[in-house]
Amino acid sequence: MKRCMYCGQENDDASTNCSKCGNELLEMPIGEPGVIEELSEENPEEYPQEVEVPDVQYEEAVGAPQEMPEEEYGYLGHPEDQQYAGQAYGYEQPPQAYEAEYGYYDEPEEEPAPVSSGLLMKKARRRIKSFFFFVPMICFTVYTIASILNVALGSARVNIATVMNTLNKTVGENMLLRYANMAVKLLDRVDPLIFMAAMLVMLIPAILMMFGMWMAFCGTSTRRRETSTAGITMTKVGIVIKMILVCALLLAGIVLSVSYVVAAGAASSMMTLFVGIIVLLILVITTVFVILYYVQVMFALKVVKVNVRTGTFIGKIPGFSIFVNLLGCAVTVLCMLPMAPDDYIGLAAKGAYAAWLLFTSLWAVIYRATVKVK
């Protein structure tokens, strides 16, 4: 019996190759050591090479594997072998091609935030913590508290009557003032408690805005990465409620103006009809501008909120809102002239409101000029 020196299989003496591994059987007695080293040292070329031994049981079960033609698959013999052959020569298949071949791939990573986002965030937060934000916040707080006291003490109804008397003496009697005096007389018939409750409801947006500004000022941090923007959100909610209330009042004024125009047309009074049409057009235009103004203010709050939270630049504070604030400041000062001089609380409320509009416009101008992408 001949024992194969590679796999240890015993073969017949007449066999020249091993029946298991296929290597050539050398003339070597079983148990004689050192033959491999002597052959390899004397003549290395005669050293038998290891060959792949097929699994006989597997071939009997499923059949011998078929060899692929070299023209179709190249020197590697099979497409799957190309990946391993490439790795053997230092080549790795790109993962994108491999993933695309099997129909899935990783989502691309989001682009990193711009370098200037951190600086823009710090600038926005500094504007919230600045003196120019603190001053209008104090003015609005004074306005809100004075307005609540004015309503609680019953001075609001007195102020309305005083303003109407001053206008009647200054402008003189006309159809428009007569119409306004009728509305004031209707208010006088309302129960004082109901009137007070209605005025307090009108002050709910101002109360929300006051607390919102204080929360934004105290909750904003220039040191921590995360900061609270709940105050800005509360301020925005107050502005939305105020917009709804103001638009409701303007809509009621438009309805009354339409009825006034219809009544003037039925009375065939051309002068009254002309005045009614002018008032109706003024109310419609005012309603459009009021809606546009509040939309711009809400966008400005969104700009500040995004700048403070993430440092992302989405735009500037609209200049239209700044212009309307300045215009409202001038109108508020004019409304203070016909008020009673001894109504200190009412005058303080109007003056604080005018100062808030002025300083808020100044703060918005500074914000537009400093918080931006260079």
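Modeller: Let's begin with confidence: pLDDT is the predictor's own confidence in each residue, on a scale from 0 to 100. You are looking at a predicted model, where local features need pLDDT of at least 70 and side-chain atom pairs count only at pLDDT 80 or more, while totals for chains, interfaces and linings use all residues. Numbering runs from 1 along each chain as its sequence is written, and side-chain values use heavy atoms, with hydrogens and water left out.

The chain averages a pLDDT of 76, and 66% of the residues reach at least 70.

Of the 374 residues, 30% count as buried. That word stands for under 20% relative accessible area, with exposed over 50% and partly exposed in between (1.4 Å probe, protein chains only).

The part I'd zoom in on is helix α13, residues 270-309. Met271 lies in this helix and counts as exposed because its relative accessible area is 59%. Met271 also belongs to a nonpolar surface patch of about 1,000 Å², whose other members include Phe274, Ile278, Leu281, Ile285, Phe289 and Leu292. To join such a patch, a residue needs over 30% relative accessible area and no salt bridge; nonpolar side chains (Val, Leu, Ile, Met, Phe, Trp, Tyr) are linked within 5 Å, like charges within 9 Å. The salt bridge in that rule is a side-chain nitrogen of Lys or Arg within 4 Å of a carboxyl oxygen of Asp or Glu.

Thr287 is buried because its relative accessibility is 13%. Leaving out neighbours within four places in sequence, Thr287 touches Leu250 and Ile254.

Then there's the inside. The largest nonpolar core has 47 residues, and Phe140, Val304, Trp356 and Trp363 touch the most other members. Such a core is a set of buried Ala, Val, Leu, Ile, Met, Phe, Trp, Tyr and Cys residues joined through side-chain atoms within 4.5 Å. Helices giving this core at least two residues each include α7 (131-152), α12 (230-266), α13 and α15 (344-370), and α13 provides the largest share, 11 residues. Trp356 contacts Pro136, Cys139, Phe140, Met209 and Met213, residues up to four places away in sequence not counted.

One last stop is Lys236, over in α12. Lys236 counts as partly exposed because its relative accessibility is 32%. Beyond four places in sequence, Lys236 is in contact with Met298 and Leu301. Lys236 and Met209 are 27 residues apart along the chain, yet their C-alpha atoms are 7.6 Å apart.

Key:
Accessible areas come from the Shrake-Rupley method with a 1.4 Å probe; for residues, only the protein chains shown count as cover. Helices (H or I, at least four residues) and strands (E, at least two) are DSSP runs, numbered from the N terminus. Contact means heavy atoms within 4.5 Å.
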